[in-house]
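Here's a walk through one protein model, going from a single side chain out to the whole fold. Have the viewer open while you read.

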Amino acid sequence: MDITLQCIDCEKQYDPLELRYTCDCGGLLDVIHDLDRLKSLPLKQLFDERWHSRSFPYSSGVWRYRELILPVEDQFIVSKPEGNTNLYPAGKAGEYAGLRRMFLKHEGENPTSSFKDRGMTCGITMARLLHADTVACASTGNTSASMTSYAALAGMQAIIFIPEGKISYGKLTQALAYGGKTFQVQGNFDDAMVLVMEVCKELNIYLLNSINPFRIEGQKAIGFEVLQQLNWQMPDWFVLPGGNLGNNSALSKGLKELFDIGLITKIPRIAVIQAEGANPLYKMWKEKTAFKPLRQPETIATAIKIGNPISWKKAMRGIEWSNGVVEQVSEQEIMDAKAWVDAVGIGAEPASCCSIAGAKKLVEKGVIHPDELVIGILTGHLLKDPEAVIRYHTGDLKSLGIESRYANAPIRIEPTLDAVREALYEVRRVSR
Ligand code: F0G
């Protein structure tokens with residue numbers, strides 16, 4: 001294989017087919033591509049030729065960029081196919097954020113309805129290459145939904161570790177339905193993460209969290225696809241939520257590689273947005289202190305309820321490279337932004353809406369200019385977490401300190417035309 005694994009701390013290199021996720025020194029690993037060789041290929045032309053391809057594997061919005069992702073033969077590739085998600089003008093949700101040129105990249109339109117599928121197609125392909133028969137992950141929900149689906153497709157056993165009672169029903173439903181063996185850990189995501197790493201090491205099971213460097217490679221394709229959709233015009237900003245911090249690390253790694261091979265000449269800035277109650281990266285960045293995990297993370301955006309993110313070093317590296325920023329948003333800000341993203345007909349789960357809430361805050365602070373071209377990444381589908389939607393619109397989040405400012409509650413009526421007429425009159429009067 002034309003790639004190597006390299007430690008981000010001590011730069012020690014390893015064979016990509018060696019079963020390992022970290023360096024001997026404990027550092028995270030990067031997949032290193034031969035960028036000098038890639039420079040000589042007409043990559044932009046290749047990617048554009050494959051656009052809208054109906055044939056395997058190029059129908060995938062990940063494998064379209066295979067030279068920059070994972071150089072494996074077709075026979076090993078496990079693909080649904082993923083990617084090819086829409087880039088929507090943000091409309092009123094953009095105006096809400098104070099932006100005139102905002103687009104929303106809807107990664108909830110992937111096969112299992114989150115961006116995780118982009119990493120998972122690579123992760124499961126590597127699992128197949130390494131002859132793994134069992135794969136595992138810890139998850140706040142989306143990774144487990146994705147992994148169980150891809151494992152089923154590849155005929156592998158999937159084992160997932162989830163924090164008990166703390167993942168949304170949409171995601172748990174998927175994992176159970178796809179046949180994943182589900183362990184509800186009495187603890188939070190961070191406890192489940194420590195456990196799964198030990199399990200994988202001791203029981204020789206392939207680990208598919210984003211500590212696995214091949215997951216990161218697949219997720220780089222989000223950025224590649226956005227640029228291709230913009231006809232290789234560079235946005236000024238990418239804004240995305242941060243939990244375990246794999247996704248923003250992937251985005252910056254991919255953009256840096258494009259920059260290093262000369263395919264792009266400008267570096268967009270990356271803004272990582274965390275929930276106030278799960279903000280270890282924000283604290284570190286803001287206070288310029290050493291990284292300190294948070295013991296009891298708490299947020300309604302359960303996808304990013306993480307206190308000890310594995311990829312914080314890669315995230316910081318990418319933020320520094322892109323002259324990026326880290327911001328935090330409150331529960332109220334997340335749910336208000338979500339009401340807007342949903343109401344324009346796009347819709348996304350709570351964590352995703354950090355992108356809009358964060359962009360708004362950064363515009364208000366003067367960090368993002370209202371005329372800049374901003375890409376907000378929506379990481380998961382609206383239906384991943386129906387409970388959050390119902391509770392918001394029925395005013396049932398007061399106990400969490402969240403007001404339903406943009407509520408659209410169902411209206412109870414008697415089954416008569418008069419009742420409808422009266423109710424509609426009231427609706428129109430209020431909305432005027
Ligand atoms: N948005 C959603 C919907 C997520 O599911 C996640 C992470 C993130 C954002 C944050 O991405 O971890 O790469 O910084 N979900 C993981 C999971 C942790 O287990 O599904 P990140």
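Start at Lys338: leaving out neighbours within four places in sequence, Lys338 is in contact with Ala348, Glu349, Pro350, Cys353, Leu382 and Val389 (contact means heavy atoms within 4.5 Å). This lysine sits in helix α13, residues 331–343; helices (H or I, at least four residues) and strands (E, at least two) are DSSP runs numbered from the N terminus. Lys338 has a relative accessible area of 2%, so it counts as buried. Buried means under 20% relative accessible area, exposed over 50%, and partly exposed in between, with a 1.4 Å probe and protein chains only.

A word on where this comes from: the model is predicted, local features need pLDDT of at least 70, side-chain atom pairs count only at pLDDT 80 or more, and totals for chains, interfaces and linings use all residues. Residues are numbered from 1 along each chain as its sequence is written, and side-chain values use heavy atoms, with hydrogens and water left out.

Now the charged pairs. The structure holds 33 salt bridges, a salt bridge being a side-chain nitrogen of Lys or Arg within 4 Å of a carboxyl oxygen of Asp or Glu. Here are some of them:

| Pair | Closest N and O atoms |
|---|---|
| Glu225 and Lys105 | 2.6 Å |
| Arg118 and Glu225 | 2.9 Å |
| Lys253 and Glu257 | 2.7 Å |

Lys253 and Glu257 are 4 residues apart in helix α10 (residues 246–260), so about one helical turn separates them. Both Lys253 and Glu257 are buried. Elsewhere, salt bridges that share partners join Arg64, Lys105, Glu107, Arg118 and Glu225 into one network. Glu225 and Lys105 are both buried, and Arg118 is buried as well. The Arg118–Glu225 pair links distant parts of the chain, with Arg118 in helix α4 (residues 116–129) and Glu225 in helix α9, 107 residues apart.

Strand β5 (residues 101–106) runs parallel to β13, joined to it by 6 bridges; two strands pair if DSSP finds at least two bridges between them. Arg101 stands opposite Leu373 in β13. Strand β10 (residues 237–241) also pairs with β13 in the parallel sense, over 3 bridges, and there Val239 has Gly376 as its bridge partner.

How many residues of β13 are buried? For this strand, residues 373–378, the count is 6 of 6. Leu373, Ile375 and Ile377 cover one side, while Val374, Gly376 and Leu378 are buried on the other.

Another sheet is open and parallel, with 4 strands in the order β8-β7-β6-β9. Its edge strands, each pairing on one side only, are β8 (181–185) and β9 (206–207). Strand β6 (residues 134–138) pairs with β9 over 2 bridges, and Val135 has Tyr206 as its partner.

Zooming out, the protein chain has 16 helices and 13 strands. Its C-alpha atoms fill a box of roughly 70 × 50 × 45 Å along the principal axes. Of its 432 residues, 59% count as buried. Among contacts between residues at least 6 apart in sequence, 69% join residues at least 24 apart.

Finally, Leu424 lies in helix α16 (residues 417–431). At 38% relative accessibility, Leu424 is partly exposed.
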